[in-house]
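Hello,

Here is the structure I said I would pass on. Please open it and read the notes below alongside it.

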Amino acid sequence: RNCADHPTLTKLTLRKCVAEGTDWSGLSSLTSMEELDLSDCMIGPALASPLVELLENTQKLEELQVERNQIGDDGTTRVAQALQKNSSLKRLDYGQNNIGESGWQAFAATLQEHNTTLQSIGFALDDELYETYNQQLLYYCDQNALGRTLLRPKTEVPRKDAPIPTESDAVGITDEAKAIE
């Protein structure tokens, strides 16, 4: 079946659905999708293009799980770039996708400079560069959860073993976020 046959679908779970030769291009037509789980589907880099199109074309998708698919560094960079245009995604599970330095950097730059909606991002502890980037990405997600409009750190971006910055270390936190505290 083709995803395009079900444009009003809001939740789809295909976890561990390994289907060789599956055409994932119909994903971009699921503009009503709110939750999508394609974890453990052994998709590889072929998933990057449909994910990019979906992230760019939908403003309803809030949860995306694509861990254990080996999307790779180039695909990850493209997904991170698509997140710059997406204003609905709040949770992303993306571990074990063979992410290299440029993929991690792309996620960090997107969260620092462009995306203000992603509040939770999951990576596997055994991802090679996890320790280097995890704290940095979590910091930006936490700031998004507080309702920031755009984060501009006064100091360097947090790195491994760096103390987590406080609200006073950032510019751009909205008054609504301050009121939540």
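**What turned up**

Keep in mind that this is a predicted model.

Start with the sheet. Strands E1 and E2 (residues 35-37) run parallel and are joined by 3 bridges. Look for Lys11, which stands opposite Glu35 in E2.

Now take in the whole sheet. It is open and made of 5 strands, in the order E1-E2-E3-E4-E5, with parallel pairing. Which strands stand at the edges? They are E1 (11-13) and E5 (120-122). Each has a single partner strand, so one side of each is left without a neighbour in the sheet. On average, neighbouring strands are turned by 5 degrees against each other, direction ignored. In general, strands of a sheet pair through backbone hydrogen bonds.

Next, the helices. H3 covers residues 101-113, which is 13 residues. Several of its residues are buried, including Trp104, Phe107 and Leu111.

Helix H2 (residues 72-83) packs against H3. Their axes are 8 Å apart, at an angle of about 5 degrees. Angles under 35 degrees count as roughly parallel, and H2 and H3 are therefore roughly parallel to each other.

Which residues meet there? On the H2 side, they include Asp73, Val79 and Leu83. On the H3 side, Glu101, Ala106 and Phe107 are among them. The residues of this contact divide into 5 nonpolar, 6 polar and 2 charged.

Best wishes

How values were computed. Residues numbered from 1 in each chain as written. Predicted model: local features only at pLDDT ≥ 70, side-chain atom pairs only at ≥ 80, totals over all residues. Heavy atoms only, no water. Helix = DSSP H or I, 4+ residues; strand = E, 2+ residues; numbered from the N terminus. Expected span 1.5 Å × (residues − 1). Buried < 20%, exposed > 50% of the residue type's maximum accessible area, 1.4 Å probe, protein only. Pairing = 2+ DSSP bridges. Axes fitted to C-alpha atoms, helices over the stretch in contact; angles between N-to-C directions. Parallel < 35°, antiparallel > 145°, perpendicular 65-115°, else oblique. Contact = heavy atoms within 4.5 Å. Nonpolar A, V, L, I, M, F, W, Y, C, P; charged D, E, K, R; others polar.
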